[in-house]
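Subject: Structure handover and notes

Hello,

The structure is placed directly below, and my notes on it follow. Please read them alongside the coordinates.

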Amino acid sequence: MSSPVSQALKSFFNNLLSTLTKHQKSEYLRNLLQIVCDNNWGSIPLVFIFEGLSHVKTEPFINAGLLCLIKQLLQSCLASIEPVTRGAIQCFICQSLLNMVDLSSTSLREFFSTLAFLNREEIFQRGTTLWASVVCWIQSRSSSLMSQDKLVFTEVLDYLEAKNEGDNCSVVVDGYRVVGLARMLMLLADAEVENTLLTEDDVKKNLLHSPLGSTLGEVSGILQDLRTRAYINTDKVKRCLAMIYSLVMEEGKPRNMVDMFLWRHLGEHFDEVSYFVMTRLLEHLVKPEDIDEIELYIDVLLCLGLRSQKLLKETQVLLDFVHKTFSVSLKGGNSEQNLDLCDLHCTAAMKLLAVALEILKSQTEDFALCPSDISSAIFSMTRVADVPLPFARKRDSNESFTKSQVGRLISFFISCKWKCQKLLVELSLNMPTGDSKNSLHSNLRSILEGAMEDMGLGSGASDVEILQTVEIITSQLLQDTTTASSFVKMLKLSWLNVIEEKKNANYWRKLKAFIPVLLHRTVFLQDNAVIEASVKEYMDKLNVLSADKTGIMYLVLDHLCESTLKEDADRQVATKLIPFLVEGCYTGSLSKRGERVWLDVCSYIESLGSSCSVNEITSSMSRNDLFTRVIVLNWLSTLRPDVVADHTFVVQFLEALKGTYMDLAVLTTYKQFSNSLSHRQKHRMSLVFLLLSDFITKDICDSFLPDLWQALELECHPSVRQNIEWLVMLLMIRFPDNVNNIWEIMIRYNDKRSVCLCSLFLIISHIGPKLPGHIQVPYFKKALSTLLPWTMAHHYNTRIFAQTAVVRLWEQVQSLSLKEVETQYFVVPESIQFMFSNSNASDTVHKLLNNYIYSSFDPVRDFSMETIFYTMPKLACLADEEWIRPDYFVRRDARWQGDSSKCLIQLLNPSDQLALCKKGPWRSKAQAENEDDIVESADGDVQKKIMPWRQMSPDQETEAELDFQRVKPTGRLILVTSLIDKVPNLGGLCRTSEIFGVSEFVIGNLTHIEDRMFQNLSVSAQKWIPITEVMRPKLLTYLEEKKLEGYTLVGVEQTANSVSLKDYKFPEKTLLLLGNEREGIPVEIIQSLDICVEIPQQGVIRSLNVHVCGALFVWEYTRQHMQESQSNIPPRSNE
């Protein structure tokens, strides 16, 4: 996938910069960056600008001044941009730096300090393509960079000694300086390890003397002195621990010699760091702001503990320390100052307990194998709920703490407390039956009550921990039926806490924690009306919220399909969720222009693959409704027709889906437009019918087919019709006993719209070769005898489709060598030759035969996910937001890349023949564009009228806005054209109606307005006039309704009692009915009219063209009422 904007900007920047001097290039880029920084540009232009710059091939010219501007851009200007586009911009900026940085005019430290501003969580991690690109860049400059190793280590020493930072020696864990140093050390080490010219021993030796080796040696020396030196420089230790933390964060995924080298130096220092942490906690934690410092130490301790082995003894020391701290805190003190210290120490100890439990969890796979002393220590911690909240104990005043400090400390404590509670619950659940496990079960109610109490006190982070704990105990909790009411209260409180964060960053974190509790499998298995009603209420609320916030349904369905329903072997839960799953199949609204552009840009970024590292780390799937549907489709594809539970569920699911589709089809029969929301929803549902067609047995087929025939009557969109037609083909092929049903339906369709018969002709022309051999001869005989009369039908489309079907059928008869059919129907070749003797019809039939649906489509061979969800929607000209590429299914479920036998249908089509076809459903086209607008003069010159609407027609979004402002026509004339067949006449009448202000234009089939010939004649009039669809079978009912509304029904027809147009006075409320081009107005309809009016004639020919008749009548009505309105205007005064 390529972008014209991207290609143009790449060419522009390359051409421009190639003409400038080095100084001019720097000034140009400086001005560009300054404009971007000063004006807060949006993400979309920045994506393409910096992608263009990233491909510039020129001499290096980025100096230290430009690096400062780039840092400002990365730090401030991109902060409010959405993560996917922000990550792409950062990636392109980094590539631009690698291509254009001039190390002769800036230092290596400045370059790496710029890399520190690249977000680790979005693009810049070890193992990504971008990291590898920087490593390659270093290797290509190894000769010049090797000489700077000492300078690099000097930078590290300056940081550890707090040089170049003035009086402020505070430690910021993620400070840009320490992050830049850590990245520089890891990048240089990776460049050394990945040097293919060196042996393993040489690499180890070089690592030892590398800046990373020197830094680790210095850090190890500082850590070893923690126990032995009484007056060690604590600021230096803080910076040492910050450096360790940053190095560990940069370690990332790869496990190469650098990682082993790193942990060979750091893995032995857990004991020293834990000693330092406990000492600092007891002796130096005296102010609320000291919590940040202690948190850094404890995080470093966690990093070391998770990567070290055999720490059970050290963990027990931490547990004993925490137990003693809690004991002291519970006793309190004899002064308010002591109480403040107890609260601070207790808060830090709670964080330390969480770290100790997490380390313990990583150290042993089976908790039952832990030594008894550690088990006892953990058992003593199971009552963390008894530890009082900070400032919960009464004191005279809290003047030593501000309100914000108190709130932050309480929230931090609650978050740590519930992280501990969660880990304790997990450990207890993994234990064999015993005191701890029994203690857990006896305390479930108190845990739930404590959760509700703390949710009212904490913040976003603490609520997440609480909800995660509740999720773990839900199964055990609901085993006790007396806890149902408490659980419902918990859901209500959780929901309120989620909603109050709707505009904050914590909203999505809370929502992600709330959904697993609400959708827990145990919840759905409860036979409790209160719980069922509560769950349904919040699921409905989530559904309503999803209309405003894209991504909510993605989270809900992701958890349902990836967790709740994966454990649902008997499909009990799935059956209860059928209405929700049905909605998941067609969920998704029409994107506004801004959202649509953003989604297109995200799709472009994703198409860049690993060359843009944001694709390796983050994803925009949750922001795209298409992937929400992919989740459900992937899950449905895991079901198997031979599994009884799956089959029973799918039968009920299909029935609900069919009901939803038919309800929507009936509602939207009168007025619907291509790619409208209702069109897309029906199309999405029709795709699911195809996906699950293997579940339709003979009995189900018998009840399913009548609805499919009705759907073909109601549906007008080609993309939906072709899916229904395909489904009918598959069912006929699978159950050939139903083939005779086609001939009965053909009789029924005789009085329906022509498109219904066209669908039948298409189905008949595809299924013959797929039927069993013993019924092929009678099938083809019946098909040919039935279709041949239709090849001479009056209606153009019916005739052409019948002719095309006969040609296809005869080709099949010959390829199958059905001699009996050939002998009996020897006249068919002559009939075909006669059809093709008409050049216009011949050309149209050939075009239709070359259309993909006739030339390449095979209903059995092409039955694959690729064809159903990507190829066919694309060929049918559906909006590209509806195309689901095969790799989208793979991205959500790697199962598609494995054993295909585990999938309901194959992912990829075995043949690319269909995919290579020209897209577009067949339709007749005008011979020339706007032929009625070309006027030939007497001297042979041709003048083409100016058509300003081509430049002035608003886009779809503007049209939607104008719908609210559009002034309705002042007239009361309704023009009914339901009896007219020819599209050019309809287009011309639509144009005439708009010009003369007809109040309503009634048409027999709304699909005509999408026809190019109609649009050429109407010249956009259909956009500015109210149009209603009234099909011919419903015309009498419509006329009766209008008569009741006070309209005079006037027919344009010559009858025995018709009145001349020149003598007729039109009432204000007039309905004007035009007849069919050949047959006029049927007798049964004439009887329902109030009057028939005819145009007086002088010539021999008995009638005018219906468009001309309609124009004359509309003008006469307009003329009469214009005269009336002018006669009612009072005369102008002479004064």
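Helix H4 (residues 64–77) has 14 residues, which at 1.5 Å a residue should span 20 Å, and its end C-alpha atoms are 19 Å apart, which agrees. The expected span is 1.5 Å times one less than the number of residues in the helix. Helices (H or I, at least four residues) and strands (E, at least two) are DSSP runs, numbered from the N terminus.

This is a predicted model, in which local features need pLDDT of at least 70 and side-chain atom pairs count only at pLDDT 80 or more, while totals for chains, interfaces and linings use all residues. Residues are numbered from 1 along each chain as its sequence is written, and side-chain values use heavy atoms, with hydrogens and water left out.

The buried residues of H4 are Leu66, Leu67, Leu69, Ile70, Lys71, Leu73, Leu74 and Cys77. Buried means under 20% relative accessible area, exposed over 50%, and partly exposed in between (1.4 Å probe, protein chains only). These buried residues of H4 pack against helix H2 (22–39), helix H3 (43–54), helix H5 (83–100) and helix H6 (108–115).

The chain as a whole

The protein chain contains 54 helices and nine strands. Of its 1135 residues, 55% are buried. Contact here means heavy atoms within 4.5 Å. Among contacts between residues at least 6 apart in sequence, 78% join residues at least 24 apart.

Two packed helices are described by the angle between their axes and the distance between the axes. Axes are lines fitted to C-alpha atoms, for helices over the stretch in contact, and angles run from 0 to 180 degrees between N-to-C directions. Angles under 35 degrees count as roughly parallel, over 145 as roughly antiparallel, 65 to 115 as roughly perpendicular and the rest as oblique. A crossing is left-handed if the near helix is turned anticlockwise from the far one by less than a right angle, and right-handed if clockwise. For residue classes, Ala, Val, Leu, Ile, Met, Phe, Trp, Tyr, Cys and Pro count as nonpolar, Asp, Glu, Lys and Arg as charged, and the others, Gly among them, as polar.

Helix H12 (residues 211–224) and helix H13 (residues 234–251) have axes that come within 10 Å and cross at roughly 135°. H12 and H13 are therefore oblique to each other, and H12 passes H13 in a left-handed crossing. On the H12 side the contact includes Leu212, Leu216 and Val219, and on the H13 side it includes Val237, Leu241 and Ile244. The residues of this contact divide into 11 nonpolar, one polar and two charged.

Helix H20 (residues 403–429) and helix H23 (residues 460–477) pack at an angle of about 20°, with axes 8 Å apart. That angle makes H20 roughly parallel to H23. The crossing of H20 with H23 is left-handed. Among the residues that meet are Trp418, Lys422 and Leu429 in H20, and Glu465, Ile472 and Gln476 in H23. By class, this contact has eight nonpolar, seven polar and four charged residues.

H39 is mostly covered, with 13 of its 14 residues buried. The axes of H39 and helix H40 (residues 773–787) come within 11 Å and cross at roughly 150°, so the two are roughly antiparallel. Phe761, Ile763, Ile764 and Ile767 in H39 meet Tyr779, Ala783 and Leu787 in H40. The contact of H39 with H40 has seven nonpolar residues, no polar and no charged.

Individual residues

Glu606 is found in helix H31 (residues 593–607) and is buried, with a relative accessible area of 16%. Leaving aside neighbours within four places in sequence, Glu606 is in contact with Asn615, Ser620 and Arg891.

Glu1068 is found in the loop between strand S7 (1059–1060) and strand S8 (1070–1074). Glu1068 is partly exposed, with a relative accessible area of 47%. Not counting residues up to four places away in sequence, Glu1068 touches Arg972, Leu973, Tyr1117 and His1121.

Ser817 has a positive phi, near 55°, and is not a glycine. Ser817 is found in the loop between helix H41 (796–815) and helix H42 (819–824).

Regards
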